[in-house]
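Visitor: I would like to learn how to read a structure from its computed features. Please take them one at a time, with the general idea before the case.

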Amino acid sequence: MVQTCSASGQLRTTHITYTRSDNGEAETDIQSGTIPQNRTEITCTTTKSTTVRRKVTTTSELNGSPVSSNSTGSLRTHPTVYIVFVSLLLDLLAFTMILPLLPSLLDHYRINDSPNGLYPWLLGKVRYFQEFVGAPDRFNSVLFGGFLGSMFSFLQFVASPLVGGLSDVYGRKPIMLLCLFGIAFSYVMWALSKNFALFVLARVIGGISKGNVSLSMAVIADVSSLATRGRGMALVGIAFSVGFIVGPVIGAMFAHWSHGQSGNWFVVPALFALGLALTDVAFVLVCFKETLPKEKRAKSVAGSLGQAASYISLPDLFRFKAVKNISRSDLVELQQLGFIYFVYLFLYSGLEFTLTFLTHHTFNYTSMQQGWMFFVIGLTMAVMQGGYVRRLPEHKIKPTAVLGLLLIVPSFVCVGLASSPVLLYIGLLLFAVSTAMVVPCMTTLVSKLGSHDQKGTVMGIFRSLGALARAVGPIVASIGFWSIGSTVTYLLGGIALLWPWMMLRRTNIV
């Protein structure tokens, strides 16, 4: 079969011959030359009536310019994806190691902060909330930690789309480095935090700088084909799982060590976190190559960030108003996925946060037993994402997300009804499996939408919606847990989680 096509506006002609041999392998011969005619000729030869489909590339691509990685033909994971994985892992190890240290840190500031300092003032507000919902005094530290976590997530909600928009203009690498420098500086502030106000300021700086996570997802979208994007997003999930396994273990070791220390003992773990952060900066600086070429970037900061209100205004955020140059159908799909993801994480994060209350209150778990519980959850997620989700073909992404959303329902029903460890463990196993499936698969679906110069904005808004859900969900769930009881809260949450499952199942998103 011979087919000739012409393209106007080109002085360069390219003869490409494709031969499909009997063994199924394709052989390609490319010859170029300059001729007076304004056309490009493509000759395709096949045997045994085999049809060959080939995307026609432009002359500039054949002459060495970057070719879009979003072709469906490549099945090889881009090396940059692994660089992103290592960078995220270093970041998450430093981020999660502080979690087991929070009780010891709060005890330190309770004793050493000024009577007129931020800690006594904030403790009064937490106690007011504790009395309002009816939580026992022994859970004040958990509520305090929840407040800090909600504040951190709220700052991510504000920062992620702004960081994504800036990366669409200036490129991924400089904005990624800016975020990583901000994170490193937050650990410097932590090491210097002789009072609680400085510690909170360090957390504020760290929260604002956490746009590197949504940037990592935009980078994966830049360099992955449709066939391999799911693998890249699964690697992000694996980085989170491993980070939340190993990081808390490091933190627990520092927490155990701190019991015999006096003075500003927190300087040592803060410097350790700073070392990980600086290693991350050096690694990205040396190994990471820009993935958004200048010709594919947004043209101006005003165009990308001029609608800053759209990033923070809730109605505009849910409508993805800041995303431009996108088809109506793609925009509708973005809005549907964003709202489904928000509702899912709002319910999920709230119930996840109250697991600490439940295991303490119902099963009398110690902090060490809880640590092992979250270790097993993280390990299960890592195995699922590395062994199953990462290998999913493109057409299985949505069905897997739908299945994951369904599995979370019996998970919380089991946890809510658990009166013995066996039913609790069944619920937690389903919890880990469903989480490993939903987040990377939904992120992959979103990453398919939007042009190159909008990927940062799209992923930033999507990440921002998740951060907002994580900021509000624990507060609402805590009120429900202490007001109407754990069983009713978990059953209502599990039933409500049927809504995201039904909505994603009914959409036309592929």
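Visitor: How much space lies in the largest cavity?

Guide: The general idea comes first. On a 1 Å grid over the protein atoms alone, a cavity is a set of points where a 1.4 Å probe fits but cannot get out. Grid points are joined across faces, edges and corners, and the volume is the space filled by probe spheres set on the points. In this structure the largest cavity holds about 90 Å³ of space. The count of cavities of 30 Å³ or more comes to five.

Visitor: What should I know about the model before going on?

Guide: This is a predicted model, in which local features need pLDDT of at least 70 and side-chain atom pairs count only at pLDDT 80 or more, while totals for chains, interfaces and linings use all residues. Residues are numbered from 1 along each chain as its sequence is written, and side-chain values use heavy atoms, with hydrogens and water left out.

Visitor: Which residues line the largest cavity?

Guide: A lining residue has an atom within 4 Å of a cavity point. Here the lining consists of Phe95, Ile98, Phe152, Ile183, Ser186, Tyr187, Trp190, Phe199, Ala202, Arg203, Gly206 and Lys210. Two elements, helix 6 (172–191) and helix 7 (196–208), each give two or more residues to this lining. Helices (H or I, at least four residues) and strands (E, at least two) are DSSP runs, numbered from the N terminus.

Visitor: How does the lining of the largest cavity divide into nonpolar, polar and charged residues?

Guide: Ala, Val, Leu, Ile, Met, Phe, Trp, Tyr, Cys and Pro count as nonpolar, Asp, Glu, Lys and Arg as charged, and the others, Gly among them, as polar. By that scheme the lining has eight nonpolar, two polar and two charged residues.

Visitor: What does the secondary structure of the protein chain come to?

Guide: The protein chain has 21 helices and three strands.

Visitor: What share of the residues in the protein chain is buried?

Guide: Buried means under 20% relative accessible area, exposed over 50%, and partly exposed in between (1.4 Å probe, protein chains only). Of the 510 residues in the protein chain, 53% are buried.

Visitor: Is serine 167 buried or exposed?

Guide: Serine 167 is buried because its relative accessible area is 0%. Serine 167 belongs to helix 5 (residues 140–170). Contact means heavy atoms within 4.5 Å. Beyond four places in sequence, serine 167 touches Arg172, Ile175, Leu215, Leu292 and Gly456.

Visitor: Which residues does glycine 427 contact beyond four places in sequence?

Guide: Those contacts of glycine 427 are Ser411, Cys414 and Val415. Glycine 427 lies in helix 18 (residues 421–447) and has a relative accessible area of 0%, so it counts as buried. Its C-alpha atom is 8.6 Å from that of isoleucine 408, 19 residues away along the chain. As for Cys414, a relative accessible area of 14% makes this residue buried.

Visitor: How many disulfides does a search of the whole structure find?

Guide: A disulfide is a pair of cysteine sulfur atoms within 2.5 Å. The search finds zero. Cysteine 287 is partly exposed, at 34% relative accessibility.

Visitor: What is the phi of phenylalanine 320?

Guide: Most residues other than glycine have a negative phi. Phenylalanine 320 has a positive phi, near 55 degrees. This residue sits in the loop between helix 13 (314–318) and helix 14 (328–353), and is buried at 1% relative accessibility. Asparagine 364 also has a positive phi near 55 degrees, in the loop between helix 15 (355–363) and helix 16 (367–387). Asparagine 364 is exposed, with 58% relative accessibility.

Visitor: Where is glutamate 290 found?

Guide: Glutamate 290 is in the loop between helix 10 (267–287) and helix 11 (301–305). With a relative accessible area of 30%, glutamate 290 is partly exposed. Threonine 80 is 210 residues apart from glutamate 290 in sequence, with 9.4 Å from C-alpha to C-alpha. Leaving out residues up to four places away, glutamate 290 touches Gly171, Arg172, Lys173, Pro174 and Arg297.

Methods: On a 1 Å grid over the protein atoms alone, a cavity is a set of points where a 1.4 Å probe fits but cannot get out, and a pocket is an open set with protein on both sides within 12 Å along at least five of seven lines; lining residues have an atom within 4 Å of a point.
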